[in-house]
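Subject: A structure to look through, with notes

Dear colleague,

Please open it first, and then read the notes below beside it.

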Amino acid sequence: MTTHKEPLSSVLDTVGETPLVAVHTGPSSVDVYAKLESFNPGGSVKDRIGEYMLERMLERGDIDPGGTVIEPTAGNTGIGFAIAAKQLGLEAICVVPERFSREKQQLMRALGAEVVNTPTEAEIAGAVERAHELAAEIDNSVVPQQFSNPLNAEAHYETTGPEIYEALDGEVGAVVAGCGTAGTLMGIGRYAREQHPDTHVCAVEPEGSVYTRFFGAETDHEEYKTEGIGTSDPATNELFEPELVDDVLQVSDRAAQAELKRLAREEGHLVGSSAGAASAATQRVAERISDGQLSVPHPTVVTVFPDTSERYLSKGIYEAFAAWEG
Ligand code: PMP
């Protein structure tokens with residue numbers, strides 16, 4: 001679902017142009033908006049990179065028609081790549097650590113992709129390694145590698161960033177987004193800094209994630225439940241550019257879940273845990289602006305709600321914290 005009003009010829013034409021909606025929380029002197037990425041056809045922000053990266057890779061000859069795309073993914077990227085691959089005449093294999101949601105894996109299969117599971121303990125790095133092993137065995141295959149491929153951030157620089165600025169007539173003071181690969185934040189952040197160099201760019205990660213190591217912190221990695229954001233090994237996050245980031249805010253699983261429940265109950269948003277974390281962090285940034293602790297070009301904070309909670313119902317996302325966490 002997008003703002004398009006004409007008949008469209010392909011599901012790929014429905015990627016992007018998602019709604020930007022006010023979030024009614026935090027201080028009244030600061031406007032907060034969220035980009036609702038569940039409006040994409042595969043239900044997440046990752047449909048953008050699925051389409052953008054595969055189109056560019058076909059143009060560049062990184063892969064030929066009929067070839068196979070093999071991607072390590074927490075799930076949403078697999079769905080995005082699966083949709084785009086079929087429409088562009090490619091096959092898709094998604095390499096997914098076991099702990100990620102069953103719903104996502106079912107959707108990848110429904111979209112015609114093959115799903116290969118890797119052990120949870122091996123984290124995303126294990127999935128990356130397996131994807132490269134498979135690519136060595138399969139002719140005309142490519143690993144787009146969302147964690148290191150600049151086309152990931154470029155997709156957001158070319159689409160998500162401009163859409164936000166167009167909707168707000170350029171009046172954006174801060175951008176706040178969860179970082180998994182960090183493609184979303186790097187693309188929007190680069191675009192934002194070009195529009196106004198003082199735009200505040202803030203990364204969000206779960207408590208237990210170690211993005212702050214990029215800034216010299218000696219944080220320990222611990223397990224967290226929030227899905228799709230955070231890192232256990234910054235060496236895999238090749239897209240993250242510390243000079244584009246003013247701050248990294250950590251949000252506990254408990255706070256992320258409390259906020260995603262509030263967003264459903266009070267504002268009608270059915271969003272996943274990474275959106276809960278992003279929204280909680282956005283409120284903190286809005287409060288700092290309102291208190292005068294943070295000086296920004298406009299009193300407007302924008303965040304991204306990456307996906308829908310329907311993807312996590314089997315994990316008890318709306319149940320008591322202990323049930324979801326367990
Ligand atoms: N939230 C969810 C649910 C995701 O699947 C992802 C992608 N891993 C993100 C947030 C973070 O997006 P990015 O990889 O662009 O940092």
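The model is predicted, so local features need pLDDT of at least 70 and side-chain atom pairs count only at pLDDT 80 or more, whereas totals for chains, interfaces and linings use all residues. Residues are numbered from 1 along each chain as its sequence is written, and side-chain values use heavy atoms, with hydrogens and water left out.

Asn152 belongs to helix α5, residues 150-167; helices (H or I, at least four residues) and strands (E, at least two) are DSSP runs, numbered from the N terminus. Setting aside residues up to four places away in sequence, Asn152 touches Lys46, Ile49, Met53, Gln146, Thr181, Gly183 and Leu239, where contact means heavy atoms within 4.5 Å.

Next come the sheets. Strand β3, residues 68-72, pairs with β6 in the parallel sense over two bridges, and Thr68 has Ser141 in β6 as its bridge partner.

Within strand β3 you will find Val69, which counts as buried because its relative accessibility is 1%. Apart from neighbours within four places in sequence, the contacts of Val69 are Leu54, Ile63, Phe81, Leu90, Glu91, Ala92, Ile93, Val142 and Pro144.

A further open sheet has six strands in the order β1-β2-β10-β7-β8-β9, with mixed pairing. Its edge strands are β1 (20-22) and β9, each of which pairs on one side only, and the twist averages 25° from one strand to the next. Strands β7 (residues 174-178) and β8 run parallel and are joined by five bridges; Ala174 stands opposite His200 in β8, and Ala177 has Ala203 in β8 as its bridge partner. Helix α7 (residues 253-267) packs on this sheet, where it touches β1, β8, β9 and β10 (300-305), and its direction makes about 80° with that of β9.

How many of the residues of β8 are buried? The count is seven of its seven residues, so that the strand is mostly covered. His200, Cys202, Val204 and Pro206 point one way from β8, while Val201, Ala203 and Glu205 point the other way, and all are buried.

Finally, there are the aromatic rings. A search of the whole structure finds seven aromatic pairs; rings of Phe, Tyr and Trp (its six-membered ring) pair if their centres lie within 6.5 Å, and planes under 30 degrees apart count as stacked, over 60 as edge-to-face and the rest as tilted. One of these pairs is Tyr211 with Phe240, which is tilted, at 4.7 Å centre to centre and 45° between the planes. Because Tyr211 and Phe240 both lie in the loop between β8 (200-206) and β9 (247-251), the pair ties together parts that are 29 residues apart in sequence. Phe214 and Phe240 form a tilted pair too, with 4.6 Å centre to centre and 35° between the planes. Phe240 is buried, with a relative accessible area of 5%, whereas Phe214, at 26% relative accessibility, counts as partly exposed. Ring pairs link Tyr211, Phe214, Phe215 and Phe240 into a cluster.

With best wishes

How values were computed: Buried < 20%, exposed > 50% of the residue type's maximum accessible area, 1.4 Å probe, protein only. Pairing = 2+ DSSP bridges. Axes fitted to C-alpha atoms, helices over the stretch in contact; angles between N-to-C directions.
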